Amino acid sequence: MNAVEMRGITKRFPGIVANDQVHLSVNQGEIHALLGENGAGKSTLMNILFGLYQPDEGEIFIREKPVKITGPTKAAALGIGMVHQHFMLVEPFTVTENIILGAEPTSRGCIDRHRAEREVREISEKYGLRVDPTARIRDISVGMQQRVEILKTLYRGAEVLIFDEPTAVLSPQEIDELMEIMENLVREGKTIIFITHKLKEIMRICDTVTVIRRGKTIGSTSVKGTSEQELASMMVGREVSFSVNKQESRPGKTVLKVQSLTVKDSRGVEAVRGLDLEVRAGEIVGLAGVDGNGQSELLEAITGLRKAHAGDILLNGEAITRLQPRAIARRGVGHIPEDRQKRGLVLDFSIGENMVLQTYDQTPFAKGFLLRYPEIFRHAKRLIEDFDVRTPDEQTHARALSGGNQQKAIIAREVDRDPDLLIAAQPTRGLDVGAIEFIHRRLVEQRDKGKAVLLMSLELDEILKLSDRIAVMYGGRIAGWLNPKTTNEEEIGLLMAGGKVGEEVAQG
Amino acid sequence: MLDVMANILQTTVLYSTPLVLAAMGGLFSERSGVVNIALEGLMTIGAFTAAVATLATGNPWLGLAAAMLSGVAFAWPHAAASIRFKADQVVSGVAINFLALGTSVYLVKHLYDSGQTPTVQETLKRMPIPGLDQIPVIGPSLFNAFPTTYIALVVSILSYIVLYRTPFGMRLRAVGEHPRAAETMGVNVVRMRYTAVLISGALAALGGAGLSIAIGSEFNQNTVAGQGFIALAALIFGKWHPFGALGAASFFGFAVALALMGQFFGLTQYVSSEVLNMLPYVLTILALAGFVGRAEAPAAIGKVYETDSR
Ligand SMILES: Nc1ncnc2c1ncn2[C@@H]1O[C@H](COP(=O)(O)OP(=O)(O)OP(=O)(O)O)[C@@H](O)[C@H]1O
Ligand SMILES: [Mg+2]
């Protein structure tokens with residue numbers, strides 16, 4: 001039986017047809033992958049199924065019955081739950097409050113906090129989704145926020161679960177956990193629609209995969225009879241190479257030097273504890289580690305977004321420890337931030353404006369105190385082409401771009417500024433395989449131009465592929481340095497978990 | 001000395017009461033994400049309606065009820081403009097302020113052929129709470145107050161309970177922080193905001209009513225005189241929290257009391273009375289200019305909510 005069937009769905013946005021006669025049919029009890037390039041229209045299609053958007057054309061059937069999904073309430077009533085690509089969390093609220101919102105347990109008219117917390121604890125234990133029910137969203141890690149999102153649908157007991165790129169923000173360990181959860185859910189008769197750009201994940205747990213390209217359905221196939229390579233070319237429309245071509249690195253002078261740095265997190269706990277780190281010109285240093293071991297705080301301190309508690313940060317030999325983020329950016333630090341929506345873009349500005357966030361007051365973008373929009377938009381046009389950002393035009397608001405294209409826009413801006421030090425935090429999070437290939441090439445290109453690159457990633461693959469040296473962070477310190485040529489995932493994993501490894505490369 | 005303190009306390013309570021009620025009104029609206037600069041106009045229409053209805057029926061309680069209805073009626077266009085028609089919330093609020101003042105002054109002229117209503121005889125009278133009103137200093141001010149003062153206290157506590165303890169309140173705050181998230185959880189953003197703005201109208205008008213049928217006994221165009229804005233400032237000063245707003249409104253009331261009492265107690269020897277009279281307004285400007293806790297504002301405040309965007 002079909003749990004979900006969408007027939008001939010068309011959805012137009014100003015300047016773009018996001019879904020063009022899309023078909024999707026999902027069997028009861030399967031994990032169905034939805035695969036497609038950035039901006040192909042996956043999130044749009046799922047938002048239609050969840051009742052957030054109304055389709056311009058097409059029909060939807062749930063358990064073989066025609067339905068009109070007028071809103072999320074209707075979707076919930078039909079047993080459809082969705083984990084959104086961008087968090088839908090109320091920041092000042094607690095974990096529990098976010099989960100129960102709209103379906104609050106009460107006693108005598110008031111919210112029954114104790115019962116709510118108990119219920120949240122129960123589900124979170126049942127499915128192995130670790131959360132602190134009383135913590136506030138703004139104080140918890142991205143990974144935990146994602147788990148809260150998942151708990152929200154489970155709390156409502158949805159029958160069909162839509163996961164819109166849930167693994168993009170999870171660490172490898174958390175992804176393993178999630179896969180287990182998904183398998184459990186299916187065992188209980190639930191149906192899952194799973195959006196991901198990671199072909200490995202599809203091969204691992206999905207039954208069927210539907211591929212969309214530029215708003216159109218390309219086809220559906222059973223996962224058993226296909227391969228990663230085949231899926232990739234089906235999705236991009238050309239052959240994709242999974243490996244990175246790179247020469248031996250020729251490191252030069254030290255660009256970034258971090259000395260006994262201590263940084264506190266938002267709760268005042270020391271997240272980085274007396275850390276030393278060096279990145280030289282012409283090399284890519286990979287920063288590996290389990291999410292929450294101080295990587296985010298370290299990068300925030302280097303870029304000036306968070307105050308260093310103690311220690312020094314030197315850029316080209318000069319201290320930047322106490323400078324404003326703007327001054328640090330000016331001195332030649334580029335930053336692809338972890339949270340693209342909060343820190344990378346002004347969502348209600350046009351792409352053009354977003355592309356000059358650091359340079360708007362310099363020639364040629366400004367003359368005296370006036371902005372020169374023709375220049376700004378010409379600049380954006382060039383970047384959009386160079387980096388293949390899929391957008392109707394350069395005047396479109398950043399908000400309207402698909403998640404992956406927002407990411408590409410940020411990368412375009414930061415790489416184009418040609419900084420001495422490029423800090424890339426999860427740069428390919430949420431990108432399709434074609435785009436990843438492209439971004440990887442650009443990062444190596446920066447390196448070959450003699451720039452220093454500090455790459456933070458939770459994907460060991462990516463770290464191993466790109467880095468010239470690997471620093472593993474554990475408990476706020478560098479637990480060890482590894483040589484990507486001689487190490488492997490197991491060894492990194494061991495260091496990440498706080499273990500010791502025999503062979504280590506000396507720093508510097 | 002005790003006398004002076006009792007006196008100041010009593011005046012503080014007197015002048016805080018309307019501010020507290022209006023601030024609680026503002027609280028509901030702004031917590032749901034709708035800026036409510038219309039508090040001034042809503043207080044005005046409340047003061048006017050209360051006076052007229054009490055004059056007509058001879059029953060001040062009916063006056064209060066009528067005032068609340070008038071507040072709801074005048075909050076409605078603000079809700080419709082800013083929620084349904086996605087107009088700028090500040091502009092819409094300013095329009096309500098003009099509309100309310102214009103309507104009430106015109107109707108007073110029309111009904112009584114004068115610049116003010118006749119004196120209301122049947123005003124709300126002070127209600128001593130037996131026993132408690134004998135406590136020195138605080139007894140006469142806190143426990144021999146106008147019914148509106150007790151109402152204001154109850155409303156503050158209820159506001160806290162409603163906003164922080166009930167599903168309704170949690171949804172309302174969620175809508176003011178992240179409407180899209182709330183919508184995905186099945187909360188009807190539009191209905192929630194409408195309700196909040198209408199509650200806001202009722203409470204602000206109730207605050208205004210106290211000015212014309214409890215503290216005062218007539219309505220003219222100067223009855224409210226900026227107290228709606230002071231209430232708004234108290235709300236911001238109080239960081240959009242019921243008890244914060246209660247405290248801030250009392251503080252503003254205290255400033256008014258100080259200004260008034262200054263003349264009696266010779267403070268004017270040191271500072272001119274004009275400066276003293278400016279005190280509450282200066283504080284208001286400081287608060288509104290954002291000297292305090294903008295960071296605490298509901299995240300989605302003042303933003304139009306569009307269903308079909310992300
Ligand atoms: N609310 C909107 N307004 C305007 N355009 C939109 C809107 N939502 C989506 N689009 C456009 O529709 C297209 C499809 O976007 P969608 O988010 O569905 O892509 P996606 O397949 O989820 O991509 P990604 O993998 O990057 O998340 C994009 O070109 C996007 O710019
Ligand atoms: Mg998407």
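A: The model is predicted: local features need pLDDT of at least 70 and side-chain atom pairs 80 or more, while totals for chains, interfaces and linings use all residues. Residues are numbered from 1 along each chain as written, chains are lettered from A and ligands numbered from 1 in written order, and side-chain values use heavy atoms, without hydrogens and water.

On the side of chain A, 34 residues are in contact with 23 residues of chain B (heavy atoms within 4.5 Å). The two chains bury about 2400 Å² between them, 61% of it on carbon and sulfur atoms (accessible area lost on joining, 1.4 Å probe, summed over both). One salt bridge is counted between chain A and chain B (Lys or Arg side-chain nitrogen within 4 Å of an Asp or Glu carboxyl oxygen). The partners are B:R171 and A:E104, and their closest N and O atoms are 2.6 Å apart. Four elements of chain A each supply at least two residues of the side that touches chain B: β1 (2–13), α2 (72–77), α3 (95–100) and β8 (110–111) (DSSP runs numbered from the N terminus: helices H or I, at least four residues; strands E, at least two). The most comes from α3(A), with four residues.

Over all chains, the salt bridges number 42. One of them joins the side chains of A:R12 and A:E57, at 3.0 Å from N to O. Because A:R12 lies in strand β1 and A:E57 in strand β4 (57–62) of chain A, this pair ties together parts that are 45 residues apart in sequence.

Chain A also holds an open sheet of six strands in the order β6-β9-β10-β3-β11-β12, with mixed pairing (at least two DSSP bridges per pair). At its edges, β6 (80–83) and β12 (216–222) each pair on one side only. Strand β11 (208–213) of chain A runs antiparallel to β12(A) and is joined to it by six bridges; A:V211 stands opposite A:G219 in β12(A). Helix α5 (142–155) of chain A packs on this sheet and touches β6 and β9 (160–164), its direction making about 175° with that of β6(A) (N-to-C angles, 0 to 180 degrees, between lines fitted to C-alpha atoms, for helices over the stretch in contact). Helix α6 (172–187) of chain A packs on the sheet as well, touching β3 (31–36), β9 and β10 (191–195), at about 150° to the direction of β10(A).

Another open sheet of chain A has four strands in the order β14-β13-β16-β17, with antiparallel pairing. Its edge strands, β14 (270–280) and β17 (318–319), each pair on one side only. Helix α9 (295–302) of chain A packs on the sheet against β13 (254–264), β14 and β16, and its direction makes about 120° with that of β13(A). Strands β13(A) and β16(A) run antiparallel and share six bridges; A:Q259 has A:D312 in β16(A) as its bridge partner. Strand β16 (308–315) of chain A pairs with β17(A) over two bridges, in the antiparallel sense. In β17(A), A:A319 is the bridge partner of A:L314, and A:E318 that of A:L315. The hairpin of β16(A) and β17(A) has two residues between the strands, and there A:N316 takes a positive phi near 50°.
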